[in-house]
Amino acid sequence: MKLGGDDYVTKPFKAAELLARVEVLLRRVPIHAGTGVHHFGSIRVDLRRGQVTREGQSVYIQAASFSCCAI
């Protein structure tokens with residue numbers, strides 16, 4: 001937390017809890033209408049394409065889980 005993190009989730013966790021925490025973080029960031037792309041350091045979330053990358057590498061997200069966090 002001292003290195004810049006402002007939240008964490010311990011395992012095991014439910015997808016609904018993780019998505020709720022992501023939605024809270026997205027509310028803190030100004031959203032540019034129409035882009036659907038958010039950057040959090042090295043993490044890039046593309047809501048339109050349903051893709052998440054970290055340092056340019058794809059991060060696996062189950063489609064059913066990801067679709068419920070569309071804004």
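Author: Strand 1 and strand 2 form a hairpin with two residues between them, and Gly-41 in the turn has a positive phi of about 65°. The model is predicted: local features need pLDDT of at least 70 and side-chain atom pairs pLDDT 80 or more, while totals for chains, interfaces and linings use all residues. Residues are numbered from 1 along each chain as its sequence is written, and side-chain values use heavy atoms, without hydrogens and water.

Reader: What makes strand 1 and strand 2 a pair?

Author: Two strands pair if DSSP finds at least two bridges between them. Strand 1 and strand 2 (residues 43–46) have four bridges, in the antiparallel sense, and therefore meet the definition. Val-37 has Asp-46 in strand 2 as its bridge partner.

Reader: What links strand 2 to strand 3?

Author: Four bridges join strand 2 to strand 3, again in antiparallel fashion, and Val-45 stands opposite Val-52 in strand 3. Their hairpin has four residues between the strands, and Gly-50 takes a positive phi near 70°.

Reader: Why are strand 1 and strand 4 called edge strands?

Author: The four strands form an open sheet with the order 1-2-3-4 and antiparallel pairing. Strand 1 (37–40) and strand 4 (57–59) each pair on one side only. The twist averages 25° from one strand to the next, with axes as lines fitted to C-alpha atoms (for helices over the stretch in contact) and angles from 0 to 180 degrees between N-to-C directions.

Reader: Which elements does the chain contain?

Author: The chain has two helices and four strands, in the pattern α-β-β-β-β-α along the sequence. Helices (H or I, at least four residues) and strands (E, at least two) are DSSP runs, numbered from the N terminus.

Reader: Why is Leu-18 called partly exposed?

Author: Buried means under 20% relative accessible area, exposed over 50%, and partly exposed in between (1.4 Å probe, protein chains only). Leu-18 has 34% relative accessibility and therefore counts as partly exposed. Leu-18 is found in helix 1 (residues 15–28).

Reader: What share of the chain counts as buried?

Author: Of its 71 residues, 17% count as buried.
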